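Welcome to this short tour.

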Amino acid sequence: MAAVFLVTLYEYSPLFYISVVSLCFVVTAALVLGWFGFDVPVILRSSEDSSSILPTPDRLMVQVTNPFGLELGSGPASVTDGVSVRPLCLEPCVLTCLWGCEVFALQRGLQAHQQHAPRLSTPQHFQEALHLRYQHCQSFHIASGDALERHTHIPAELGITGFGPLPRDRYPLVAVLTLAEPEARDMYNIVASVTVLHVPDKRYSLSARVLFQYVLTSQGNMYDLKPLFMSADSDGAWSGQSDSEQSAGASESRSEASSLQQSTVLQEEEDWSQVRGRDCVVCQNAAVNRVLLPCRHACVCDNCVSHFQHCPICRAFVQESFMLTQGLHNTQPVNG
């Protein structure tokens, strides 16, 4: 009787006919979109579609000891008054502060490190690679474990009060850390650290900040230090900078950034304990222990990561992921 009723309704009810055709169209469109990788509601997916999702590739993280560390010190900073920096080194190092270094000269020197020997592992190598295309150089010898601030400045007799309007062809300050002892260069894969800093002047009053940080290896590789991961409630800003401040600071160095983004080194953004106790945003049961790449969001557990092709936080396509472990807390560079 039910079959006879449905057949009769199908033959004499245009509304029923239109509804059936519309439903078939919606299901067919959803299947086609899902086939091409677009997100469709889970109710429209079959069990076969769910099982066909390829597992997220797992990236192997390798610990590498970075003997260098540099951060901005306390107190005011300007081109006329100078700036304080705090080096943190595991071995005796030499801190070389290059004021007014030409962007093109630094770019060419870093490219030379990757292309041929000698590698940029000493202050002399850096000065030769830059062809003295800077306005003032100041050096400090840093002992192992010394965390005292060093104040670097341009001598008043040079009469330098700024570096011109934007876009500039010079960086205000480039701080280079190299190992002081030749024996130590054989112990570490990383032989130098290059930190590009913005220092305010009368024309460009944005507060002092780190624009770029690079580490150079003995094999001729260069890695750009970036945050290791961002938690689920992170807004993407790091080092205490807002998005607008990052954009303003990056505008001074856009030309170099476009040509030196060849490799990536990931650096930890926040304390491990703040992420370890966070629950997976999907199942709300297991602890977060996976970081998604390339967006670097730490938001899912090991069980849920295989069921998603897009990040639950930013909807970016997930290319691979790595396990978040306690051992990564002290890891800065990785082989990418």
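Select Leu70 and Pro87: Pro87 is the bridge partner of Leu70 in β2. This is a predicted model, where local features need pLDDT of at least 70, side-chain atom pairs count only at pLDDT 80 or more, and totals for chains, interfaces and linings use all residues. Residues are numbered from 1 along each chain as its sequence is written, and side-chain values use heavy atoms, with hydrogens and water left out.

Now colour strand β1 (residues 70–72) together with β2: the two run antiparallel and are joined by three bridges. Strands (E, at least two residues) and helices (H or I, at least four) are DSSP runs, numbered from the N terminus. Two strands pair if DSSP finds at least two bridges between them.

Click on Val83 and you will find its bridge partner in β5, Thr152. How many of the five residues of β2 are buried? Four of the five in this strand (residues 83–87) are, so β2 is largely enclosed by the rest of the structure. Buried means under 20% relative accessible area, exposed over 50%, and partly exposed in between (1.4 Å probe, protein chains only).

Move on to Ile160, in the loop between β5 and β6. Its relative accessibility is 17%, so Ile160 counts as buried. Show its contacts (heavy atoms within 4.5 Å): leaving aside residues up to four places away in sequence, Ile160 touches Val79, Gln135 and Ile154. Gln135 is 25 residues from Ile160 along the chain, and their C-alpha atoms are separated by 8.8 Å.

Your next stop is helix α5 (residues 123–130), where Pro123, Phe126, Ala129 and Leu130 are buried. Look down the axis of α5: the buried residues fall within an arc of 130°, so they line one face of the helix. That arc is taken from the directions from the helix axis to the C-beta atoms. Which elements do the buried residues of α5 pack against? They are β3 (93–102), α4 (103–115), β6 (170–179), β7 (190–198) and β8 (209–217). Just after α5, select His131, which takes a positive phi of about 55°.

Finish with Phe212 and Tyr214, both buried. Rings of Phe, Tyr and Trp (its six-membered ring) pair if their centres lie within 6.5 Å; planes under 30 degrees apart count as stacked, over 60 as edge-to-face and the rest as tilted. By this rule there is one aromatic pair. The ring centres of Phe212 and Tyr214 are 6.1 Å apart and their planes lie at 15°, so the pair is stacked.
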